[in-house]
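Me: I'm new to reading structures like this one. Could you walk me through a few features, starting with charged pairs?

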Amino acid sequence: MTGLLLWVHVLALAVWLGETVFFSFVVAPRLFAALPSEQAGAVIALLFPLYYAVGGGCGVLVVVTAALLWRRGGANARGWLAAALIAAVAVAAVLVAGLIVQPRASALRAARQQPDAPAAVAAEFAALHRRAMQLNGVVLVAALGLSGLLAAQLAGAARGARRSAFLP
């Protein structure tokens with residue numbers, strides 16, 4: 001059972017980190033470089049619901065598997081608890097971005113294109129965009145930290161397995 005939990009944990013973390021890096025450093029910059037700002041923003045807006053759903057789903061799997069591995073105890077139990085807590089913070093960031101920031105920004109995107117749109121609409125959109133980028137940064141830093149923590153967990157488990165192989 002531990003092997004299955006670890007496999008799901010590694011897979012979910014890999015997909016979550018990969019999605020975040022690819023979207024942030026490849027998809028979004030390329031779209032904004034290749035298309036006019038409004039068109040690129042419209043494409044990104046179409047991608048956001050799936051982006052947040054995949055990220056949130058993977059994040060929940062990381063939290064659950066880390067918590068279950070923590071509950072199993074062992075020498076690395078505190079590391080799994082730390083992983084569960086870090087992942088929970090990142091999931092909260094995904095939820096805020098996907099359920100609060102993105103829908104409001106999407107509504108403002110359309111309103112700001114109106115010729116008589118007040119300047120406050122553009123200002124609020126810009127503030128929401130900054131907030132979304134900050135939340136995405138939290139997820140990225142958390143996922144990178146989780147990958148380092150996972151490497152430490154696996155290295156610790158490997159050292160423990162080598163030591164126990166020589167014990168009577």
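Reply: Happy to! A salt bridge is a side-chain nitrogen of Lys or Arg within 4 Å of a carboxyl oxygen of Asp or Glu. Side chains of opposite charge can pair when their charged atoms come close. Keep in mind that this is a predicted model, where local features need pLDDT of at least 70, side-chain atom pairs count only at pLDDT 80 or more, and totals for chains, interfaces and linings use all residues. Residues are numbered from 1 along each chain as its sequence is written, and side-chain values use heavy atoms, leaving out hydrogens and water.

Me: How many salt bridges does the structure hold?

Reply: Two. In one, glutamate 38 pairs with arginine 112, their closest N and O atoms being 3.1 Å apart. Helices here are DSSP runs (H or I, at least four residues), numbered from the N terminus. In the other, glutamate 124 meets arginine 104 at 2.9 Å between the closest N and O atoms. Glutamate 124 lies in helix α4 (residues 119-165) and arginine 104 in helix α3, 20 residues apart.

Me: Is glutamate 38 buried, partly exposed or exposed?

Reply: Buried means under 20% relative accessible area, exposed over 50%, and partly exposed in between (1.4 Å probe, protein chains only). Glutamate 38 has 32% relative accessibility, so it counts as partly exposed. Arginine 112 is partly exposed at 27%.

Me: What pattern does the chain follow along the sequence?

Reply: It reads α-α-α-α, with four helices and zero strands.

Conventions
Helices (H or I, at least four residues) and strands (E, at least two) are DSSP runs, numbered from the N terminus.
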